Amino acid sequence: VALDPTFALAWAELSRAHARLVYFRYDISPQRRERARQALDRARELAPASPEVHLAAGYDHLWLERNPEAALTEFEAASRGLPNNVEIQAAKGELFRLRGDWQQSLNAFQVASSLNPRDGSAKVDLAETLWFMRRYPEAYDASNQAIAIAPDQPWSHLTKVFTLWSWKGRDSLPE
């Protein structure tokens, strides 16, 4: 945004970055929230119909306002503009998971994973959701697929460990 203050996608990403810092509790200050909102307002001003701006607005609703209904409305608007976008499907999956809508979450993460079969993050999201659903054999397989795709990604290994521990307890230590 410093290089081009009229670049709406940069403002949308800046909004998401600020909102993510609040959501993951790295910085929960009112100033951080305000920065997220100001960046989103600027993105909306520059490109109100942009799917990427709708995605950022969805994250604002989900991460800052804790308003899943408003977030879903924005994610759906983003999806209409970018119907085969892995990130939008993953956002929906996260929203459904936070609401406890496990099957809808699983469906969204399956779509995300199928849209980009070489995306290790999508497989990790799928594996985590299966783990949360106590579908351990499937979570184990999805974790192994994530590891095969992105062996340096720690969450794929951690999800496999969590799955094995939940599924088999101490008997899984050798694995």
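**View 1. Contact between helices H3 and H4 in a predicted model.** On the H3 side, the contact (heavy atoms within 4.5 Å) involves Pro-51, His-54, Leu-55, Ala-57, Gly-58, Tyr-59, His-61 and Leu-62. They meet Pro-68, Ala-70, Ala-71, Glu-74, Phe-75, Ala-77, Ala-78 and Gly-81 of H4. By class, eleven residues are nonpolar, four polar and one charged. Ala, Val, Leu, Ile, Met, Phe, Trp, Tyr, Cys and Pro count as nonpolar, Asp, Glu, Lys and Arg as charged, and the others, Gly among them, as polar. Helices are DSSP runs (H or I, at least four residues), numbered from the N terminus.

**View 2. Packing geometry of H3 and H4.** H3 (residues 51–65) and H4 (residues 68–81) pack at about 165°, axes 8 Å apart. H3 is therefore roughly antiparallel to H4 (angles over 145 degrees). Axes are lines fitted to C-alpha atoms over the stretch in contact, and angles run from 0 to 180 degrees between N-to-C directions.

**View 3. His-61 in helix H3.** His-61 counts as buried because its relative accessibility is 13% (buried means under 20% relative accessible area, 1.4 Å probe, protein chains only). Beyond residues up to four places away in sequence, His-61 touches Arg-44, Arg-66, Asn-67, Ala-70, Ala-71 and Glu-74.

**View 4. Buried residues of helix H8.** These are Tyr-136, Ala-139, Tyr-140, Ala-142, Ser-143, Ala-146, Ile-147 and Ile-149. Their cover includes helix H7 (120–132) and helix H9 (154–168).

Residues are numbered from 1 along each chain as its sequence is written. In this predicted model, local features need pLDDT of at least 70 and side-chain atom pairs count only at pLDDT 80 or more, while totals for chains, interfaces and linings use all residues; side-chain values use heavy atoms, without hydrogens and water.

How values were computed
Helix = DSSP H or I, 4+ residues; strand = E, 2+ residues; numbered from the N terminus. Parallel < 35°, antiparallel > 145°, perpendicular 65-115°, else oblique. Buried < 20%, exposed > 50% of the residue type's maximum accessible area, 1.4 Å probe, protein only.
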